[in-house]
Amino acid sequence: MHAPRSHAASAASADPYNLKPGEHSTGTTIMAIPFDGGVVMGADSRTSTGTYIAVRVADKITQVHDRIWICRSGSAADTQALTDYLRHYLGQLSVETGRAPTVKTAAHLMRRMIYENKDNLMAGVIVGGWDAVDGGSVYNIPLGGSLVKMPFAIGGSGSTYVYGLVDHKFKEGMSKDEAKALVEKTVAHAMARDGSSGGIIRTVVITEDGCDKQFIPGDQLPFGP
């Protein structure tokens, strides 16, 4: 026999995120894969406040320098403010040094801002891009402000559904087309499973020659086996 559960206990068990009163859970799927010569980054476009979809076609892939981009997850306000600061810092650094900043420098600046303000922020980002030192590279900065250089990175609430798919499909030395196809397929699968991810798929391919940004409409998503 079990003791009757209180209403408060039932409400707490129904909330897996332990949100405070008035807080809303937010969701995203973001991903980046480096290839020989650049990086492919992708994201869904749904911005939600709890069960309400606030924006259907948000842009979660933000450019902070010529060939450095950020995939944003967590609080839209927090990550927008962080990328604005980072864009300012990198522009200032480029003028002072007379050369383009590296992806590693951008990642460390972002990591420092997130870590030093971790009690007040909800921000998990992927920093990716191309530079003359490392070529294409990807850095993952999850909630809390740790920093890890990754052979690929996925994040957001939708990422928990697709780790197995990425582990199975990813291989070292992928071509640009292979990396782009895997990013699109992975984000589409996450959108199909995660109620907080949806809308369209946005991608950007970053190489020495420049950046190519595209999108896939919601009725043409490549989900499926």
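## Confidence and overall make-up

What is the mean pLDDT of the chain, and what share of its residues reach 70 or more? The mean is 90, and 88% of the residues reach 70 or more. This is a predicted model, and pLDDT is the predictor's confidence in each residue. One stretch to treat separately is residues 1–14, where pLDDT stays under 50. For that stretch the model has 2 contacts beyond four places in sequence.

The chain has 225 residues, and buried residues make up 46% of them. Its secondary structure consists of 5 helices and 12 strands. Among the contacts with a separation of 6 or more, 60% are between residues 24 or more positions apart.

## The second largest pocket

Let's turn to a pocket. The second largest pocket holds about 210 Å³ of space. Its lining is made of 18 residues, and the closest to the pocket centre are Thr47, Lys60, Gly74, Ser75 and Ala76.

Which elements each supply at least two residues of this lining? They are the strands β3 (47–49) and β6 (68–74), together with the helix α2 (76–97). Sorted by class, the lining of the second largest pocket has 11 polar, 4 charged and 3 nonpolar residues.

Once neighbours within four places in sequence are left aside, threonine 83 is in contact with Thr62, Val64, Ile70, Arg72 and Met110.

Another threonine to look at is threonine 186, which sits in helix α5. Threonine 186 has a relative accessible area of 1%, so this residue is buried. Not counting residues up to four places away in sequence, threonine 186 touches Met31, Val162, Leu165 and Val166.

Glycine 195 counts as exposed because its relative accessibility is 62%, and exposed means over 50%. Which distance separates the C-alpha atoms of glycine 195 and arginine 46? These two atoms are separated by 9.6 Å, although the residues are 149 apart along the chain.

Proline 151 is found in a loop as well, between β9 (148–149) and β10 (153–155). With a relative accessible area of 37%, proline 151 is partly exposed, because this value falls between the cut-offs of 20% and 50%. From C-alpha to C-alpha, proline 151 and lysine 171 are 9.1 Å apart in space, while 20 residues apart in sequence. Leaving aside neighbours within four places in sequence, the contacts of proline 151 are Pro34, Phe170 and Glu172.

## After the strand β12

To finish, follow the chain into the segment after β12 (210–216), where leucine 221 lies. Leucine 221 is buried, because its relative accessible area is 17% and buried means under 20%.

What does leucine 221 contact, leaving aside its neighbours within four places in sequence? The list is Ala188, Met191, Gly199, Ile201 and Ile216.

Note on methods. Residues numbered from 1 in each chain as written. Predicted model: local features only at pLDDT ≥ 70, side-chain atom pairs only at ≥ 80, totals over all residues. Heavy atoms only, no water. 1 Å grid on protein atoms, 1.4 Å probe; cavity = no way out; pocket = protein on both sides within 12 Å on 5 of 7 lines; lining within 4 Å. Points joined across faces, edges and corners; volume = space filled by probe spheres on them. Helix = DSSP H or I, 4+ residues; strand = E, 2+ residues; numbered from the N terminus. Nonpolar A, V, L, I, M, F, W, Y, C, P; charged D, E, K, R; others polar. Contact = heavy atoms within 4.5 Å. pLDDT = per-residue confidence, 0-100. Buried < 20%, exposed > 50% of the residue type's maximum accessible area, 1.4 Å probe, protein only.
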